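I opened my notebook to see what I could look up in this structure.

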Amino acid sequence: MKKWLTGIILFMLVFSLAACGQTEDKTTEEKEANKETKTEEVFKIGAIPDQNAAFLQTGMDAVAKQLSEETGMKVEFVPSVDYAALVTGFQRGEIHLAWFGGLTSVQARNLVPGAESIVQRPRDAEFKSVFITQEGSGITTLADLKGKSFTFGSESSTSGHLMPRYFLTEEGIDPNTDFNGKPNFSGSHDTTYKLIESGSFQAGALNISVWEAAVKEGKVDTNKVKVFYTTPDYYDYNWTINSNVEEVFGKDAKQKVKDSLLSMPGDSKEITDFFQTDKFIETKNDNYEKIEKVAKELEIIK
Amino acid sequence: MMKRIPSLQLHKRFILTVLLLAVFVWSLTSIHWNSELFHAGGIPTMLQIVEGLIQPNVEPRILLVGLESAWITLAYAVAGMSLAIIYAFIVGVLASGTLTSSNFSRFISKVFFRGILGFTRSIHELIWAWLFVAAVGLSPYAAILALAIPYGGILGRIFADMLNDVPKEPIIALKAAGSSRLQTLFYGYLPLVWADFISYTMYRFECAIRSSAIMSFVGLGGLGFQIQLALADLKYDAVWTFVFYLIALVILVDAWSHWVRMGLTNHKRIKGFGSGWMSVLFATLLVVGSWIYITIGENARLFELLSEKNMEYAKKFFGGLLGINQENPAFLDAESWALALRLTMETLEMSIMAIGFSTIVAFITVIPAARNIANGNLTLKKRWYNWPMFGLIRLLYIFSRSVPELVWAMMIIFIFKPGILPGALALALHNFGILGKLWAEVIEDMDPRPIRNLATAGASKIEIFFYGVLPIVLPRFLTYILYRWEVIMRTTIVVGFVGAGGLGMDFKLAMSYFDYTQITLLLLCYMILVLIADFASETTRKAVK
């Protein structure tokens with residue numbers, strides 16, 4: 001009996017140590033290998049998880065494939081569970097290119113000074129949010145939302161939280177106190193309309209593009225849910241490229257990535273479906289000054 | 001001991017019970033009780049969730065994903081525990097003071113190392129995970145270290161306590177024979193405590209499985225990750241499939257640890273290739289398999305944790321927490337403090353409500369859940385429904401405690417409005433099963449003679465409970481309530497993550513907005529709460545004894 005306890009402890013000690021030892025050897029070898037061939041590094045792309053995870057995976061895998069074919073780099077999509085996790089990955093230089101929302105791109109660029117917003121869809125220059133409610137709820141204007149239960153999308157979302165909050169505040173509604181209970185954060189746009197449809201919440205706000213796609217594909221029952229307010233335009237989603245790309249992948253890498261993104265969707269149905277667009281255009285950091293200002297006003301960026 | 005309870009002692013207990021009840025009622029007043037607590041659509045959502053429970057998704061694809069995630073969860077838990085044991089062993093020995101000679105240095109090492117153990121276990125594993133992810137990135141080691149640190153803290157403290165409690169005679173004999181300190185440790189202390197230590201570690205291993213499952217919340221894989229994804233897509237049937245995997249995993253580990261503990265406490269020598277060796281072999285295979293999987297399968301390198309880049313990020317991150325180069329750090333701002341303290345109060349109320357709810361449910365269910373009542377030994381009465389009731393309630397207990405609080409909270413938040421009530425309910429759902437199980441064991445261990453006396457005198461079931469069972473078991477019931485309350489306190493911050501109110505909710509927002517000094521402030525408030533809970537619970541427990 002005594003022996004076998006000593007056995008357990010010894011085995012655990014020896015094997016955990018052995019396991020650590022092995023890895024160390026391996027990493028040093030790989031590190032040396034990395035120094036010789038820099039281009040072997042994988043170009044990692046990410047996207048904010050604002051929609052159904054499986055759908056996001058399909059769309060982004062298609063982007064990775066096309067990027068890889070056109071730039072000759074090894075490209076991989078790295079899924080993440082929440083918006084902040086992706087921003088952190090970007091800050092650490094582990095994500096080289098990310099499909100951010102307006103707010104997350106501003107957060108990311110504040111954390112990584114050399115990062116740049118490079119490409120967007122035409123609709124991102126005039127993006128909108130929709131406010132939805134259940135049919136027959138009696139809500140027809142933003143002012144009617146007082147005393148009703150309400151859900152945003154993710155707290156880091158531009159079209160699901162920041163801008164809807166801004167337009168609510170403009171209308172004299174304080175989301176923290178004027179709703180029935182505190183506002184909910186559903187986490188994603190898909191979840192938001194599902195929560196309204198199931199009746200879990202009386203009203204909510206989401207990304208117009210996700211809403212239109214859901215209506216078109218019949219994912220939402222328009223007999224049950226209706227749009228009662230559409231916000232004015234603002235700048236939203238964009239591809240933001242990390243400052244370390246030229247250093248890791250070579251001088252021309254950034255331009256090559258940009259050219260490839262601008263040539264999308266090409267004939268890829270997955271990309272067309274995911275982004276709901278037939279072309280991409282150039283953008284620049286300055287376009288997002290308004291978002292930053294609003295975020296500072298609402299104390300989301302300090 | 002129970003023969004003559006001094007009347008003062010009785011009063012003390014009575015006063016304490018009334019006091020605890022009063023605190024619970026006070027916590028209830030913080031909620032406006034009306035039908036508005038539910039969402040307009042809370043009931044339909046609940047029905048959808050129940051529908052998923054009855055008809056879980058059994059598509060082969062989902063089942064396969066579940067199997068793979070269950071393995072990841074197990075591997076992280078095993079790897080985390082193996083590190084925890086090493087940490088607990090080293091720091092536990094130092095904290096016990098068995099290696100030091102002079103009284104003074106023993107005192108210093110006790111205070112210092114016990115302090116370390118206390119600090120590491122006071123912070124919830126999910127908070128550690130988040131800190132590690134921020135500092136070293138999304139590596140499996142973030143999850144493993146996050147598990148190893150608080151679990152090592154708990155194990156280390158228990159280990160140190162055990163070493164301090166060993167009978168002195170064998171140690172003195174060894175010393176007299178001229179053995180060195182290290183020799184005394186290995187040949188004197190360790191052989192005396194190992195059986196208890198192993199059985200406690202096995203008990204903790206079951207908890208580690210659940211903790212490992214919720215690690216996914218910060219973006220690390222496993223069953224929790226799948227549960228979270230399925231919940232985000234509102235696929236309740238798949239949610240339950242993964243939850244059932246988790247329950248199965250917990251039950252298996254529970255059965256194994258029960259088996260090992262039985263083998264250890266019975267002290268029966270098993271001849272030949274017995275159960276002990278089987279367990280050692282199995283444990284070894286698990287540990288080796290897990291580490292191989294993590295280092296090779298997941299391609300995670302421990303070495304990389306200490307890379308220059310990580311050091312720089314860690315420095316930047318902790319600098320941010322300390323408010324370096326910040327104009328107006330939240331923890332120096334009176335207004336922020338006022339707000340955070342209000343949340344702290346809310347969190348305290350949530351924890352009290354949670355333990356209150358779990359106490360009520362456990363209280364109602366505990367009698368039929370005791371084995372000696374089910375088989376009629378205690379009350380000398382047998383009813384046909386005794387065993388089915390026993391089975392049903394025990395199943396309910398296992399179900400309730402196998403699902404982590406966080407997962408309960410994620411579901412409940414669809415039914416109730418965001419606030420402290422859903423948080424309290426989630427915590428209660430997880431804890432009533434644990435409380436019920438512990439209580440049932442207390443009843444099983446009690447002296448049956450007074451009860452049999454009552455029963456033969458013709459007392460009804462309710463009379464037996466209130467006049468026979470309750471007076472005997474109450475002190476231990478109270479001890480367990482207080483102990484669970486401590487644990488609940490540490491977990492309140494975690495249920496808040498998903499919108500269930502209190503400090504956790506703001507913690508999540510501060511994380512999303514990269515507001516580091518606010519995070520520090522909330523962590524400070526959290527530590528204060530944990531300290532208060534530890535202190536209050538310890539003093540009350542002493543009073544009960």
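**Entry 1: a strand in chain A.** I began by reminding myself that this is a predicted model. Then I looked up strand β1 of chain A, which covers residues 42–47. Is β1(A) mostly covered or mostly open? I found five of its six residues buried, so I noted the strand as mostly covered, with buried meaning 20 or more other C-beta atoms within 10 Å of a residue's own.

**Entry 2: its partners.** Next I asked which strands pair with β1(A). Strand β2 of chain A, residues 74–77, runs parallel to β1(A) and is joined to it by four bridges. I wrote down one pair of bridge partners here, A:Val42 and A:Lys74. Strand β3 of chain A, residues 97–100, also pairs with β1(A) in the parallel sense, over three bridges. There I noted A:Gly46 with its bridge partner A:Ala98.

**Entry 3: the helix between.** I looked up helix α2 of chain A, residues 53–71, and saw that β1(A), α2 and β2(A) make a right-handed β-α-β unit.

**Entry 4: two domains in chain B.** The domain assignment gives chain B a domain 1 (57–311) and a domain 2 (330–544). Their centres, taken over C-alpha atoms, are 23 Å apart. I found 15 residues of domain 1 in contact with 15 residues of domain 2. Which element gives the most to the side of domain 1 that touches domain 2? I found α10(B), with five residues. I sorted the residues of that side into 12 nonpolar, two polar and one charged.

Definitions and conventions
Residues numbered from 1 in each chain as written. Chains lettered and ligands numbered in written order. Predicted model: local features only at pLDDT ≥ 70, side-chain atom pairs only at ≥ 80, totals over all residues. Buried ≥ 20, exposed ≤ 12 C-beta atoms within 10 Å, placed from the backbone. Helix = DSSP H or I, 4+ residues; strand = E, 2+ residues; numbered from the N terminus. Pairing = 2+ DSSP bridges. Right-handed = clockwise from strand over helix to strand, strands pointing away. Domains from an automatic or database assignment. Contact = placed C-beta atoms within 7 Å. Nonpolar A, V, L, I, M, F, W, Y, C, P; charged D, E, K, R; others polar.
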